[in-house]
Amino acid sequence: MKFELAKSTFIEPLQRVVNIIEKRQTLPILSHVLIQCSESGLVCVGTDQEIELSARISADQLSVSRVGAVTVPGRKLLDIVRHLPQEASITCEADGDRFIMRSQRFESQLATLPANEFPWIDLAVIAEEGIKVSSAGLKNLLSRTMFAMAQQDVRYFFNGMLFEFESKLLRCVATNGQRLAIAEQALNEEPVLSRPILPRKGVVELARLLDGAGDDVLLQFTPQHVQVEIGVDRFVSKLIDAEYPDYSKAIPQSGDRFFSCSRSALKDALVRTAVLSNEVYKNVRLSLSSGQLEIFTNNPQQEQAIEQITVDYASEPLEIGFNIHFLIEALSVMSGDEVRVELSSPSSPCLLRDSQDPTAQYVISPMVL
């Protein structure tokens with residue numbers, strides 16, 4: 001195998017692939033990137049056996065002298081390419097068990113492993129017809145909900161995101177049991193009704209890949225996997241084998257008290273007071289009275305912060321406690337100028353609604369004051 005290309009052509013696809021690789025590996029080859037060179041172009045592949053990414057460089061962007069395939073230590077290769085001059089031209093060649101890379105007066109030799117040992121994810125047959133989704137719309141869905149996913153929860157289905165397909169609709173749902181985020185995106189076609197759960201790392205990497213993507217992406221599902229075609233890249237992830245709980249039961253239906261206010265004013269006030277919140281419990285007390293919201297927090301060092309902001313509230317006074325960071329994160333992913341918060345009692349969850357996007361809902365459970 002031998003090919004030549006510009007650093008500017010090589011570095012971006014290589015960076016995307018290396019992002020998939022875990023820093024700590026159980027198998028040496030999992031730290032490697034598969035490089036396949038053919039007359040149709042170059043393909044770089046990385047996997048951690050849960051997710052896999054194939055990034056393609058078209059034939060018109062490089063010069064191929066010999067075709068072939070080899071696996072190369074991914075992070076070492078990326079670090080070398082990254083530190084070459086920006087205008088550098090790179091020549092790469094596989095020679096026995098070495099991957100030789102030359103650029104001007106620089107030469108490196110990296111140890112390789114056989115390409116036939118690379119652990120591809122074993123895909124079942126992908127449905128011929130997938131679901132086309134706007135890349136910007138899908139990115140928006142993930143951005144508005146992924147913060148609510150759990151991390152290392154024993155209820156492993158919470159360590160991921162539900163993709164709920166209904167009639168011309170995709171709904172993304174994430175929760176950790178104390179908060180819930182829901183967002184929807186209309187589809188132009190009728191999908192197969194399904195409720196796949198994409199694991200946390202798959203969601204994070206997919207969101208990263210969608211930055212600057214083209215108009216549409218193609219989603220294709222098997223019972224165990226999702227495959228996403230993003231421009232010239234192909235992303236594959238295993239799905240979580242579980243049934244997502246009925247999240248609709250967690251959405252408050254009878255909030256008889258509500259207030260609305262400037263989203264940025266509320267978020268900024270919470271960010272300021274969060275500096276002095278308890279580092280373990282991260283609690284904040286919200287005290288509502290006619291036309292006013294008082295925000296109070298303190299910590300074991302007897303430090304405290306308090307702020308009042310003007311709100312549209314006309315019901316009976318109410319005090320309720322929340323994890324302050326749950327509130328900040330929900331407000332941060334909203335896009336509207338105003339937020340509406342629906343409440344019922346100090347022991348019941350609150351429901352936040354975005355004035356700009358009526359399909360987005362955020363539920364946060366209260367804390368004991």
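Hi everyone. Let me begin with a term: two strands count as paired if DSSP finds at least two bridges between them. Keep that in mind as we look at this predicted model.

Strand β20, residues 292–298, is joined to β21 by seven bridges, and the two run antiparallel. Within that pair, L293 sits opposite I309 of β21.

Now let's step back to the whole sheet. It is open, with four strands in the order β21-β20-β19-β22, and the pairing is antiparallel. Which strands stand at the edges? They are β21 (304–310) and β22 (318–323); each has a single partner strand, so one side of each has no neighbour in the sheet. From one strand to the next, the twist averages 20°.

Two helices come next. Helix α5, residues 263–274, packs on the sheet and touches β19 (283–289), β20 and β21, with its direction at about 20° to that of β20. Helix α6, residues 324–333, lies across β19 and β22 and runs at about 85° to β22.

Next, the cavities. There are three of 30 Å³ or more. What lines the largest cavity? Among the lining residues are L266, L270, L327, L331 and our friend L293. The elements giving two or more residues to that lining are α5, α6 and β24 (350–354). By class, the lining has eleven nonpolar residues, with no polar and no charged ones.

The second largest cavity has about 40 Å³ of space. Its lining includes F163, P196, L219 and V228. Here β15 (216–221) and β16 (225–230) are the elements that give two or more residues. This lining divides into nine nonpolar residues, no polar and no charged.

Conventions
Residues numbered from 1 in each chain as written. Predicted model: local features only at pLDDT ≥ 70, side-chain atom pairs only at ≥ 80, totals over all residues. Heavy atoms only, no water. Axes fitted to C-alpha atoms, helices over the stretch in contact; angles between N-to-C directions. Contact = heavy atoms within 4.5 Å. 1 Å grid on protein atoms, 1.4 Å probe; cavity = no way out; pocket = protein on both sides within 12 Å on 5 of 7 lines; lining within 4 Å. Points joined across faces, edges and corners; volume = space filled by probe spheres on them. Nonpolar A, V, L, I, M, F, W, Y, C, P; charged D, E, K, R; others polar.
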